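Welcome! Please take a look at the structure below, and then we can walk through a few of its features together.

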Amino acid sequence: LFQELHLTPTQQKMAGELLREIVNRVQFLVDVGLEYLTLNRQAPTLSGGESQRIRLASQIGSGLTGVLYVLDEPTIGLHPRDNRRLLKALNNLRDLGNTMILVEHDREVIAAADYLLDFGPGAGDHGGEITARGTPKQVQRVKTSLTGQYLSGKKAIAVPTNRRTTACRFAQAALTVHGARHHNLKNITVSFPLGAFIAVTGVSGSGKSSLVNEVLYNTLARRLHRARTTGAAHDDITGVENIDKVISVDQDPIGNSPSSNPATYTGVFDLIRQLFAQLPEAKVRGYHPRRFSFNKPGGRCEACEGNGQKMIEMHFLPDVWVECDVCHGSRYNPETLAVRYKGKSIADVLQMRISEALELFGNVPKIRQVLRTLAPVGRA
């Protein structure tokens, strides 16, 4: 519509720049595979891949030059087909004279880069070093680079030789969604065999999230837990009697406040506080589990209110957080820190990697069970 819009010379003077911006931004949406969306589509109904590309369009679809763009994993939620379209759009921006810095794990994006910086060699305090730098071909020749070894084919994820047979095992019980027609879904009926590892895949925007999150999860949450989730267009879901609970694990942040951390989020910190309260030194002093909480008065450092940091207001500049000059970041007062488990204070425990904590609490079944769920998924 806007490409074929004809303006008089006077109109061109008034609206020419606006028209150019409109065409550039809509063209970028088309280039990254969003030509099927309507312009008034509600943002909460978009899939993760669609939201990511729209966010990119709002920032880099203007066609500026001489700009440094920093992109944090722009391919999250995208199908490999959409990756290629995104790469083409990013390359066009580079060719205009811009610099594109991408934090990425996708092999296709890494191989297409002009220059690589490979960080490692591990995670957490095992990382922080540059193990390789240069073009993808140069990085492939660096033996200390884990990324280079996978790019060159020296290392690979092995394909299992034995496949599980599932036809008979899952023939009896299944969840079946009938007549799903929410957003892009076209009145489909889908069965999910219970007791199986099921992957729902396809190009971004094809209806995966609409089916799984909005039709299946929202409906089950209402029927099983009386949750106030929004409805989605479908006829019925059968087989619900075969399950008694539904849990959604999404990609929302667990919390950005100084008092939120993996220990509090998983609940293991409650168990650790109970353990510290049972120690002889704590019983002599009359300490209860709340004494070892950095969120409640009593055991925490009151100078920073258990944050380990103090906020300094900078008026016209963003606020700055600095280490507390009383507890020096430990969050607790000296009396609380005097209670130790195997030589470690509660502050020492919070500074540990999950793998170290797993070793320290290896003989405490409840704590060990929670920590073991974090270690296998790469959080150790």
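## Packing around helix α7

The buried residues of α7 pack against β5 (174-180), β6 (188-193) and β7 (236-238), where contact means heavy atoms within 4.5 Å. This is a predicted model: local features need pLDDT of at least 70, side-chain atom pairs count only at pLDDT 80 or more, and totals for chains, interfaces and linings use all residues. Residues are numbered from 1 along each chain as its sequence is written, and side-chain values use heavy atoms, leaving out hydrogens and water.

Helices (H or I, at least four residues) and strands (E, at least two) are DSSP runs, numbered from the N terminus. Buried (under 20% relative accessible area, 1.4 Å probe, protein chains only) describes several residues of α7, including L211, V215, L216 and L220.

## A bend, and what follows

Helix α7 covers residues 208-225 and bends by about 30° at Y217; the bend is the angle between axes fitted to the seven residues ending there and the seven starting there. After α7 comes R226, with a positive phi near 55°.

## Aromatic rings

Rings of Phe, Tyr and Trp (its six-membered ring) pair if their centres lie within 6.5 Å; planes under 30 degrees apart are stacked, over 60 edge-to-face, and the rest tilted. This gives six aromatic pairs. One of them, tilted, joins F276 and Y341, at 6.4 Å centre to centre and 55° between the planes. F276 sits in helix α9 and Y341 in the loop between α11 and α12, 65 residues apart. Both F276 and Y341 are buried. Ring pairs also link F276, Y287, F292, Y341 and F361 into a cluster.

Definitions and conventions
Buried means under 20% relative accessible area, exposed over 50%, partly exposed in between (1.4 Å probe, protein chains only).
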